[in-house]
Amino acid sequence: MRIITIVFVLLYGICATAQEDKVRPFDVEADLFGGTILEHNPDISHLITEHPTGVMLAYNRKTYGFEPWERRYNFPDVGYTFVFQDMKNEYLGELYSAYAHYNFYYWKKRLQFRIGQGLAIATKPYDRETNFINNAYGTTVLSSTMLKLSYKKNNIFKNIGFQAGVTIIHYSNANLKAPNNSTNTWAFTAGLNYFPKAAEFPEYIPMGEKTPYKEPIHFNLTLRGGANQSDINNSPRYGFVTITAFVDKRINHKSSFTAGVDAFFANFLKELIRYESIAYPDGDVTGEEDWKRFGIFVGHELHFNELSFVSQLGYYVYYPYDFEGRFYNRLGLKRTFGKHLAGSMVVKAHGAKAEAVEFGIGYRF
C-alpha cells in the first residue's frame, strides 16, 4: 500500500511538472512557521502541549500560457514542497513531509494560494509497548495535505523577495492502521524567496477570446480498492472493493458535475461486526448484520488539463450497520488517459474522519 501511494504521488507530480519540453523559469522559497495543533478530536487533547514549529522549502516552476489550462487559471505554478515540523510533544516527535503542489495567484499575483498533497514520515508513531500514548499516528508513513495562503512579492531587493501568510497541514494514514486520530496544524509562516532568472521571464501568452465548451452526458464505471482496518488497535488489516457507476456532464473547460451510485464491500466491517457482537454481548450488535453498504452521491470535477480534482458528497441508502453516520464524502485526484480510461486516488471519509484511501481505475463510455 505504501509503495502504491508513493508511485501515485510521483506520477501526479511528474504529470503536473512535465507537460511540455519548454524550459520555464522558477523560484525557490524558504519559510519558518509556528502555530498550534487544532483539537479536532477530544481524543488527541493530551497530545497538544506546546506550539509546533518548522521549516518549509519550496520549488515553484512558473507557467506563462503554453497550455490553454494555464491561461484559464491565471498562470499557476507547479512544484514541490518539503516540510520539517517539530510537534513539540515527546510522543508525537517530528515529521518530515514532501508534496507535489499547485500555486494559484490572485490580486495582481500578489496573493498566492497553495494546495499540496504528499507523504510524511513520523519519527515516533504509535507502538503498543514503547509509545502507546500517541493515538494520532498509527504508521510511520502518513499521507499529508497542505493548504497555504500567502502575500508574496518577488524581487524586492535584486532577485530576493518576501512572503508571509498562514498554512494548515493535515497528517493521517486514512485508517490504513489504527490508531488514526490524525493531527491538523494551523501555523503562521514568513520567509524569503529567490528568483534566479527573473530578468529572463517571458511575456505571458494572453488568454484571447473565451470560447464556450461543453460535452454530452457520459456514463462511467469505476473499480476502486485498497486496504484498511477498524479503529480497534492491533486489529487485522483487510482489503476492500468499491464499485461505482455514475454519469458526468462537462459544462465548460473547468467544470463537470457528476451523480451516481456506490456499492461498498469493506471486509473490515465484517470483522468489526463480529468483534462487537462478542466483546459486547449485551449491546445492540448481534453479529448477523450485513457488512455491505450502498450509497448515492453527487459531485464535481475541477479540470486541469488531464488532471482533475474530485469532490463528492454521498448518502448510504442501504445501511444495516451503523458506522460513522450515513453521509460520506470523497476528495482526491483523477488522471485521464485518452478519451476513455482514468486512474484516481481519493480519500473516502465521514466528515473529517477518514475511512480509506481508494485507488481506482475507470472507463468512460
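Q: How do the residues lining the second largest pocket divide into nonpolar, polar and charged?
A: The lining divides into 12 nonpolar, 15 polar and 10 charged residues, where Ala, Val, Leu, Ile, Met, Phe, Trp, Tyr, Cys and Pro count as nonpolar, Asp, Glu, Lys and Arg as charged, and the others, Gly among them, as polar. Please keep in mind that this is a predicted model, in which local features need pLDDT of at least 70 and side-chain atom pairs count only at pLDDT 80 or more, while totals for chains, interfaces and linings use all residues. Residues are numbered from 1 along each chain as its sequence is written, and side-chain values use heavy atoms, with hydrogens and water left out.

Q: How much space lies in that second largest pocket, and what counts as a pocket?
A: The second largest pocket holds about 620 Å³ of space, a volume being the space filled by probe spheres set on grid points that are joined across faces, edges and corners. On a 1 Å grid over the protein atoms alone, a pocket is an open set of points with protein on both sides within 12 Å along at least five of seven lines, a cavity is a set where a 1.4 Å probe fits but cannot get out, and lining residues have an atom within 4 Å of a point.

Q: Which residues lie nearest the centre of the second largest pocket?
A: Of the 37 residues that line the second largest pocket, Arg250, Glu301, His303, Thr336 and Arg364 lie nearest its centre. Elements giving two or more residues to this lining include helix H2 (68-72), strand S9 (218-228), strand S12 (293-304), strand S14 (327-337) and strand S16 (353-364); helices (H or I, at least four residues) and strands (E, at least two) are DSSP runs, numbered from the N terminus.

Q: What does Glu301 pair with in a salt bridge?
A: Glutamate 301 forms a salt bridge with lysine 334, the closest N and O atoms being 3.1 Å apart; the term requires a side-chain nitrogen of Lys or Arg within 4 Å of a carboxyl oxygen of Asp or Glu. Lysine 334 lies in strand S14 and glutamate 301 in strand S12, so the pair ties together parts that are 33 residues apart in sequence.

Q: Are those two buried or exposed?
A: Lysine 334 counts as buried at 15% relative accessibility, and glutamate 301 is buried with a relative accessible area of 7%, given that buried means under 20% relative accessible area, exposed over 50% and partly exposed in between (1.4 Å probe, protein chains only).

Q: How many salt bridges are there by this rule?
A: The count comes to 18. One of them joins arginine 224 and glutamate 358, with the closest N and O atoms 3.7 Å apart. That pair links distant parts of the chain, arginine 224 in strand S9 and glutamate 358 in strand S16, 134 residues apart. Arginine 224 is buried with a relative accessible area of 6%, and glutamate 358 is buried at 1% relative accessibility.

Q: Switching topic, how many cavities of 30 Å³ or more does a search of the whole structure find?
A: The search finds 1 cavity of that kind, and about 50 Å³ of space lies in the largest cavity. Its lining includes Asn228, Arg293, Lys348, Glu355 and Glu358, and divides into 5 nonpolar, 2 polar and 4 charged residues.

Q: Where is Glu355, and what does it form a salt bridge with?
A: Glutamate 355 is in strand S16 and forms a salt bridge with lysine 348, the closest N and O atoms being 3.2 Å apart. Both lysine 348 and glutamate 355 are buried, the latter at 4% relative accessibility.

Q: And the largest nonpolar core, which members touch the most others?
A: Of its 19 residues, Val83, Leu92, Leu95, Tyr137, Leu142, Ile169 and Tyr171 touch the most other members, a nonpolar core being a set of buried Ala, Val, Leu, Ile, Met, Phe, Trp, Tyr and Cys residues joined through side-chain atoms within 4.5 Å. A second, separate core of 11 residues includes Ala266, Ile273, Trp291 and Ala356.

Q: What does Leu142 touch?
A: Leaving out residues up to four places away in sequence, leucine 142 touches Leu95, Gly118, Leu119, Ala120, Ala122, Tyr137, Tyr171, Ser172 and Asn173, where contact means heavy atoms within 4.5 Å. Leucine 142 is found in strand S6 and counts as buried at 1% relative accessibility.
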